[in-house]
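Subject: Structure for your review

Dear colleague,

Please find the structure below, followed by a summary of what was found in it.

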Amino acid sequence: MSSVFEHALTLGEPKRLLIFGAIAEAGSIGAAARTLGWSQPALSQHMTALEKDLGVTLFDRTPRGIRLTTAGQLARIRSGEVAASVTGLRSDLAKAFGLGGRNVRLAGFPSFVIGPLAAALGRLEANAGTGTDSPLHHSYEVSEAEPPEALRLLDDGAIDIAFLFHHEDETPPELPGRTTVDLGADHLDLLVPERWNRAGQIQHLNDVADLPWIMGCVRCRSTAERLCRHAGFEPRTRHITDNPGAIQSLVSNGLGVALLPRSARRYSKVGGIDPIALQEAGARRVTAMMPDSLATASEIDDLLEALRAVEVTPNAASGPAPESYSDL
């Protein structure tokens, strides 16, 4: 390896130098955190690590913000050069390969990723570059994460958008400096094997009080247990899996009953199941959360519009999808 690269790698993560440049430009860690959509402790940790790597103090904290040391003034110059180089590379690649957008990092729960998010991103990809009014060709980087992990990633600045859910009887998740967009109500259906309900006698949760249950992820299980307790019984859990297809397969084979969000069956439906819409099961709200600074960005608008077009939350337990994006 070239000595210049080897030596540079010993000086720490270049991204920290860019973060320092943003702090120097903003005048304080708090102002930079609001601009970048990161938490203030996360930025402070990066600065502590950068100063340790470089062996110098870059700035002093004052009641009015930060005051750069001589070393900090030199580092700010270099951070500007690094930023210009990185953005210059993006511009060069955009011109050479016809790209015009930015990379957006997303995280969502599995059933959302495999269903509406994949469909929406496919729609954006198919429409990219077609027509004079088409949006810029933004790229979207997807990872799976249950809501608690997605919130942590968003708070740390590791992603740009977190797709979350919470049951309607729960307090919606919040983070300072973040905007939340509601994507609709996703109702929970009671899934039972068809042969267990041929007479249609199952109409309420307490009708399955004595049957074995198949539970999903930790948060889904907590919701199901809470709803069952409200109905007057403690569910007897026999199987646990966070895979919607596996839950349906277990139900289809007569191994138990389950509560499953309606959207989870829309893109991976298994036969042999009677999905029963129960008002007492309620619904979960699906939301998108992003930094305030991105709330009106074109790449976010494009994605949300595509999600509305593919209908995040279906409004029937069975049958065709609704014609419009709306709550149930």
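A search of the whole structure finds 2 cavities of 30 Å³ or more. On a 1 Å grid over the protein atoms alone, a cavity is a set of points where a 1.4 Å probe fits but cannot get out, and lining residues have an atom within 4 Å of a point. Grid points are joined across faces, edges and corners, and a volume is the space filled by probe spheres set on the points. The largest cavity holds about 330 Å³ of space. It is lined by 27 residues, of which C217, C220, L260, P261 and R284 are the closest to its centre. At least two lining residues come from each of α6, β5, β7, α8 (218–230), α9 (244–252) and β9 (258–261); helices (H or I, at least four residues) and strands (E, at least two) are DSSP runs, numbered from the N terminus. By class, this lining has 16 nonpolar, 6 polar and 5 charged residues. Here Ala, Val, Leu, Ile, Met, Phe, Trp, Tyr, Cys and Pro count as nonpolar, Asp, Glu, Lys and Arg as charged, and the others, Gly among them, as polar.

Please note that this is a predicted model, in which local features need pLDDT of at least 70 and side-chain atom pairs count only at pLDDT 80 or more, while totals for chains, interfaces and linings use all residues. Residues are numbered from 1 along each chain as its sequence is written, and side-chain values use heavy atoms, with hydrogens and water left out.

D186 belongs to strand β6 and counts as buried because its relative accessibility is 0% (buried means under 20% relative accessible area, exposed over 50%, partly exposed in between, with a 1.4 Å probe and protein chains only). The C-alpha atoms of D186 and P261 are 6.0 Å apart in space, although the two residues are 75 apart in sequence. I240 is in strand β8 (residues 236–240), and its C-alpha atom is separated by 7.7 Å from that of C217, 23 residues away along the chain. Beyond four places in sequence, I240 is in contact (heavy atoms within 4.5 Å) with M215, G216 and R221.

The largest pocket has a volume of about 970 Å³. A pocket is an open set of grid points with protein on both sides within 12 Å along at least five of seven lines. Of its 28 lining residues, K15, L18, L36, R102 and R105 are the closest to the centre. Helices α2 (14–26), α3 (29–36) and α5 (70–97) and strand β3 (103–108) each supply at least two residues of this lining, which by class has 12 nonpolar, 9 polar and 7 charged residues. L18 is also one of the contacts of S79, together with L17 and G21, once neighbours within four places in sequence are set aside. S79 lies in helix α5 and is buried because its relative accessibility is 4%.

The protein has 11 helices and 11 strands, and 44% of its 328 residues count as buried. Beyond four places in sequence, the contacts of L106 include I161, F163 and L303.

As to confidence, the mean pLDDT (the predictor's confidence in each residue, from 0 to 100) is 85, and 85% of the residues reach 70 or more. Where pLDDT is low, the predicted coordinates should not be read in detail.
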